Protein chains: 2
Amino acid sequence: MAATIRDVARLAGVSASTVSRALSMPGVVNATTRARVQAAAEQLGYAPNKAARGLITGRTGNIGLVVPDLANPFFPSVVKGVQARARMHDVAVFLADTDEDAAAEVGLVLALAKQVDGLILCSPRADEDELAAIAADTNVVLVNRLVEGVPAVTFDNEGGMRQAIAHLVALGHRKIAWVGGPKTSWSSAHRSIGLYAAAHDHGVKLVDVGHFAPTYEGGMAAADQAVASGATAVVAYNDLVAIGLLARLHARGITVPDDLSVVGIDDIAMSRMSRPALTTVRLPKQRAGEIAVELLLAMIDDPDPDTIIGTRGTLHGELMVRDSTGLAADRTSDPARP
Amino acid sequence: MAATIRDVARLAGVSASTVSRALSMPGVVNATTRARVQAAAEQLGYAPNKAARGLITGRTGNIGLVVPDLANPFFPSVVKGVQARARMHDVAVFLADTDEDAAAEVGLVLALAKQVDGLILCSPRADEDELAAIAADTNVVLVNRLVEGVPAVTFDNEGGMRQAIAHLVALGHRKIAWVGGPKTSWSSAHRSIGLYAAAHDHGVKLVDVGHFAPTYEGGMAAADQAVASGATAVVAYNDLVAIGLLARLHARGITVPDDLSVVGIDDIAMSRMSRPALTTVRLPKQRAGEIAVELLLAMIDDPDPDTIIGTRGTLHGELMVRDSTGLAADRTSDPARP
DNA sequence: CTGAAAGCGCTAACAG
DNA sequence: CTGTTAGCGCTTTCAG
């Protein structure tokens, strides 16, 4: 059906090897033959078969991307970044959604590993040893997760949390609740650490409300405990949780930000659309995907050296102040508050 | 690095072909040798190289999926459905996001076509002739779009709109506004048709407010015109638009549903989270992805016959009544309303 | 600078 | 039931 390299060779009156060279190492071939070959290729609509090429070069020109759940708006953003950058480099992207199933994750990765040059893994759950094992014989870049010796793109969770706390303290809050994500989540743990450090530095109290699903429902579930904690502000594991919080608070007749301020993390599109609009720490999700691709491609071009192994890109978050910590909630002039 | 079929053959003391057979046509090989081969394969962690296999069988075991914009929550759902079903059949999925760029779409499709057995296209924008041309020499299944002679999975837009109108009419609405999507959108056109037909049947008036971007911003832009139309209810092109509408109405102090009722289409996750929760027509997005895979796989197994070419799966929507058309808006007992 | 030959990992005849 | 042979489409020595 599709034209092969030999069809082009015949039409151009040269050998297959010349076609191959003319197309992938233009400099090494006579200008006129090159032109002839290119014309022939054009005419036939020839495009090299990547699979066949990969068989011999050991490079497929494809990369794999594994995400836990596309329904969480965080991940489509990362995927978009990966896509865009991959396309720039003319590499195709295999996508796998593990549905938050750490076991499936490993299986999928193994299956994919055979037909790609490298893998980008957003795997909050998978076992650290398994990740290390996979990284041992495949090019792997981790996103939003750190494992010894594996290149990764992460977010500066500590810094983001510091900004959130500073903002809340400036508004007069002295007791702040933290609604954490899943127990096993790497980023939840790091956000927690940053929060405690910042709270300590500012001399304010942080109350840990517990671990919840990283979803709208998780936020609904956490809301009552957050209220009961007596805090005047809540920081949620992510925006989805924060929005769940908002919903439950509204249902209970608790006004945000007047009665309670809420801060999320991620800055998903939905955050601007919630009522009230959500103050959140914007994470450059798309950028993370782009950088992951660059890192991966660098590893593929030049595997092994220490310049890359262990490399990490750290991206900084940026506080987006919106209505959920609005001025109405300024407690600096309210003597009744502790 | 990775074990090849010959490594397994050597370890099992058989020939490469026997390994190949033992693994892919187990019935045709002696039970004891088969066991030996399987053990060897296991021990070496052998997995066949799909690219090499594809070279000879002409089947890659991969499919391609093209979507216009992952940031629109509609598409991640479809992708999830495709993923899940593809995994069941042990096929891998290439994903491409065209960023709403119809031109890029074609280029991407051509590039992908070489390394997949078939393509699932969610291409609201691409030119009809181009789609037909692509479908002529590649297995293609369209989602949410109909082109002569190309298998497709679509939604019953007319039926969905009929449900929406029936609901609004039952609540006493007699003048309903329609906020359409992009001019070139296939589904916007069909939704419009369904709406007019239903309005006509019920003897109520439908006001076309115009075409808007299928986004939150589009909804914001449409809100004032919807209000000015004098309608008591609005049907929006999709949920994102409806939620934009809600935001702008709120900003203007117009209460939903008391002053104006709003209905969306899609039932994205966000719809349950908006305030008020959005009444919408639920489209089985994930199911659409699953069916698209089944259709595509059927075409691949058995290309050409008329049983498939021209086949279409039509999925029906389901009205989800929520607060944005709440009881408070019941106009049946309100004599002041027309 | 170009052609011929070899072979990537695998499967499909074809013998045995 | 199993081994041998050939070759998918391509790149890469190796000669010329």
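At 4% relative accessibility, Ala9(B) counts as buried, where buried means under 20% relative accessible area, exposed over 50% and partly exposed in between (1.4 Å probe, protein chains only). This is a predicted model, in which local features need pLDDT of at least 70 and side-chain atom pairs count only at pLDDT 80 or more, while totals for chains, interfaces and linings use all residues. Residues are numbered from 1 along each chain as its sequence is written, chains are lettered from A and ligands numbered from 1 in the order in which they are written, and side-chain values use heavy atoms, with hydrogens and water left out.

Ala9(B) sits in helix H1 of chain B, residues 5-12; helices (H or I, at least four residues) and strands (E, at least two) are DSSP runs, numbered from the N terminus. Setting aside residues up to four places away in sequence, Ala9(B) touches Val14(B), Ser15(B), Ala16(B) and Val19(B), a contact being heavy atoms within 4.5 Å. From Ala9(B) to Ser20(B) it is 11 residues in sequence and 9.1 Å in space, C-alpha to C-alpha.

Turning to chain A as a whole, there are 13 helices and 12 strands. Its radius of gyration is 25 Å, whereas a compact globule of 338 residues would come in near 20 Å; the radius is taken over C-alpha atoms, and the globule rule is 2.2 Å times the number of residues to the power 0.38. The C-alpha trace of chain A spans about 90 × 40 × 30 Å along its principal axes. Even so, 56% of the 338 residues of chain A count as buried. Among contacts in chain A with a separation of 6 or more, 70% come from residues 24 or more positions apart. Chain A exposes about 14000 Å², with carbon and sulfur atoms supplying 53% of it; accessible areas come from the Shrake-Rupley method with a 1.4 Å probe, and for residues only the protein chains shown count as cover.

What about the partner chain? In all, 38 residues of chain A are in contact with 37 residues of chain B. The size of an interface is often given as the accessible area lost when the parts come together. Here the two chains bury about 3600 Å² between them, and 61% of that is on carbon and sulfur atoms; buried area is the accessible area (1.4 Å probe) that two parts lose on being put together, summed over both. On the chain B side, the residues losing the most area to chain A are Lys80(B), Lys114(B) and Arg275(B), together 21% of what that side buries.

Arg275(B) turns up again in the backbone. Most residues other than glycine have a negative phi, and most peptide bonds are trans. Arg275(B) and Pro276(B), however, are joined by a cis peptide bond, with omega about -5 degrees. Pro276(B) falls in the loop between helix H12 (269-273) and strand S10 (279-282) of chain B. Another cis peptide bond links Val256(B) to Pro257(B), with omega about 10 degrees, and Pro257(B) is in the loop between helix H11 (239-251) and strand S9 (261-266) of chain B.

Positive phi values show up too. Asp266(B), in strand S9 of chain B, has phi near 125 degrees without being a glycine, and at 5% relative accessibility Asp266(B) counts as buried. In chain A, Asp267(A) has a positive phi of about 60 degrees, again without being a glycine. Asp267(A) lies in the loop between strand S9 (261-266) and helix H12 (269-273) of chain A and, at 6% relative accessibility, is buried.

Ala71(B), in the loop between strand S1 (62-67) and helix H5 (74-88) of chain B, is exposed, with a relative accessible area of 55%. Ala71(B) and Asp99(B) are 28 residues apart in sequence and 9.1 Å apart in space, C-alpha to C-alpha. Arg59(B), in the loop between helix H4 (50-57) and S1 of chain B, counts as partly exposed at 37% relative accessibility. Neighbours within four places aside, Arg59(B) is in contact with Arg53(B), Gly54(B), Asp117(B), Ile300(B) and Asp301(B).
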